[in-house]
Amino acid sequence: MSDPVLSLHGIEKTYNKGLPSEIRVLRDVGLEIMPGEVVALVAPSGAGKSTLLHIAGLLDTPDAGSVRIGGEEMTGLSDRRRTAARRSDVGFVYQFHHLLPEFSALENVALPQRADGVARGEAEARARELLARVGVEARADHRPAQMSGGEQQRVAFCRALANRPRLLLADEPTGNLDPETSDRVFGALMELVRDTGLSALIATHNLELAQRMDRVLRLDAGELAGA
Ligand code: ADP
């Protein structure tokens with residue numbers, strides 16, 4: 001049997017340790033995501049969802065516990081190796097698109113590939129292909145400000161997948177959109193994820209969207225249920 005794409009064990013995270021404001025955000029959190037699996041993370045605001053996604057995506061370190069991506073232990077790696085692993089293995093999507101405003105859609109999707117050493121022609125060809133797959137090829141030369149919220153978010157999905165990560169982490173990826181647009185844009189994301197066989201952990205408040213994934217995990221008061 002293949003290794004889980006993401007595996008977390010015994011994850012602990014406390015902010016403001018030793019201060020009156022100490023807050024134990026994650027308590028003995030464990031989860032495994034298998035290849036091709038799409039998992040919903042449902043949590044009330046403040047429950048520690050962003051902290052968990054940041055730890056899983058190597059943007060933050062836990063106080064204790066193990067983070068494995070593709071079977072490889074990530075805790076204890078040097079900053080340089082963590083950054084390299086993050087860039088090649090993990091794609092991120094946030095609630096807000098975070099596209100670079102002075103660059104076109106095409107350039108926004110090509111740039112992470114260029115940073116990874118891909119030649120310009122090849123990076124732009126892949127960017128065009130990804131934009132076409134989510135239905136925004138006609139916006140390739142537009143800057144973010146010239147696109148709708150749904151289009152911006154579709155471009156952000158393409159950027160997250162540009163370097164062919166093993167794992168997609170998304171924090172309320174359609175949370176900024178009206179319900180109808182959110183539904184369509186989420187559909188585009190799911191199609192893209194399914195087509196590429198990617199594994200994903202997608203945080204959402206929207207229970208209907210959560211039901212469209214393979215499995216639902218609930219995070220409440222720092223504890224994960226349904227794993
Ligand atoms: P969620 O994404 O579920 O809303 P977060 O993971 O952002 O929750 O935050 C969980 C809790 O940890 C919140 O109470 C938040 O205020 C606190 N918190 C988050 N980041 C920090 C930090 N850097 N320093 C102190 N407290 C933090």
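This is a predicted model: local features need pLDDT of at least 70, side-chain atom pairs count only at pLDDT 80 or more; totals for chains, interfaces and linings use all residues.
Residues are numbered from 1 along each chain as its sequence is written, and side-chain values use heavy atoms, with hydrogens and water left out.

Back to the strands. Helices (H or I, at least four residues) and strands (E, at least two) are DSSP runs, numbered from the N terminus. Two strands pair if DSSP finds at least two bridges between them. Strand β1, residues 6–15, runs antiparallel to β2, and seven bridges join them. Another pair there is Leu-8, which stands opposite Leu-31 in β2. What joins β1 to strand β4, residues 64–69? Five bridges, and again the two run antiparallel. Ser-7 is the residue opposite Arg-68 in β4.

Put together, that's an open sheet of four strands, ordered β2-β1-β4-β5, with antiparallel pairing. β2 and β5 (72–73) are at the edges with a single partner strand each, so one side of each has no neighbour in the sheet. Helix α1 packs on this sheet and touches β1, β2 and β4, and its direction makes about 125° with that of β1. Contact here means heavy atoms within 4.5 Å. For angles, axes are lines fitted to C-alpha atoms, for helices over the stretch in contact, and the values run from 0 to 180 degrees between N-to-C directions.

Next sheet. Six strands form an open one in the order β6-β7-β8-β3-β9-β10, and the pairing is mixed. Its edge strands, β6 (90–93) and β10 (223–225), each pair on one side only. The twist averages 20° from one strand to the next. Inside it, β3 (residues 38–42) and β9 (residues 215–220) pair in the parallel sense over four bridges, and the bridge partner of Leu-41 in β9 is Leu-217. Which strands does α1 lie across? β3, β6, β7 (167–171), β8 (199–203) and β9, and α1 runs at about 160° to β7.

Now the ligand. The residues around it, meaning those with a heavy atom within 4 Å, include Tyr-15, Ile-23, Val-25, Pro-44 and Lys-49. By class, the shell divides into five nonpolar, five polar and one charged. For the classes, Ala, Val, Leu, Ile, Met, Phe, Trp, Tyr, Cys and Pro count as nonpolar, Asp, Glu, Lys and Arg as charged, and the others, Gly among them, as polar. The largest share of the shell, three residues, comes from α1.

For polar contacts, I mean pairs of N or O atoms within 3.5 Å; within protein, one must be able to donate a hydrogen and the other to accept it, and residues adjacent in sequence count only if both atoms are side-chain atoms. A backbone N or O atom of Ala-47 lies 3.1 Å from a ligand oxygen. For a polar backbone atom of Gly-48, the distance to an oxygen atom of the ligand is 2.9 Å. And a polar side-chain atom of Ser-50 lies 2.6 Å from an oxygen atom of the ligand. Taken alone the ligand exposes 560 Å², and the protein buries 61% of that, by Shrake-Rupley with a 1.4 Å probe; for residues, only the protein chains shown count as cover.
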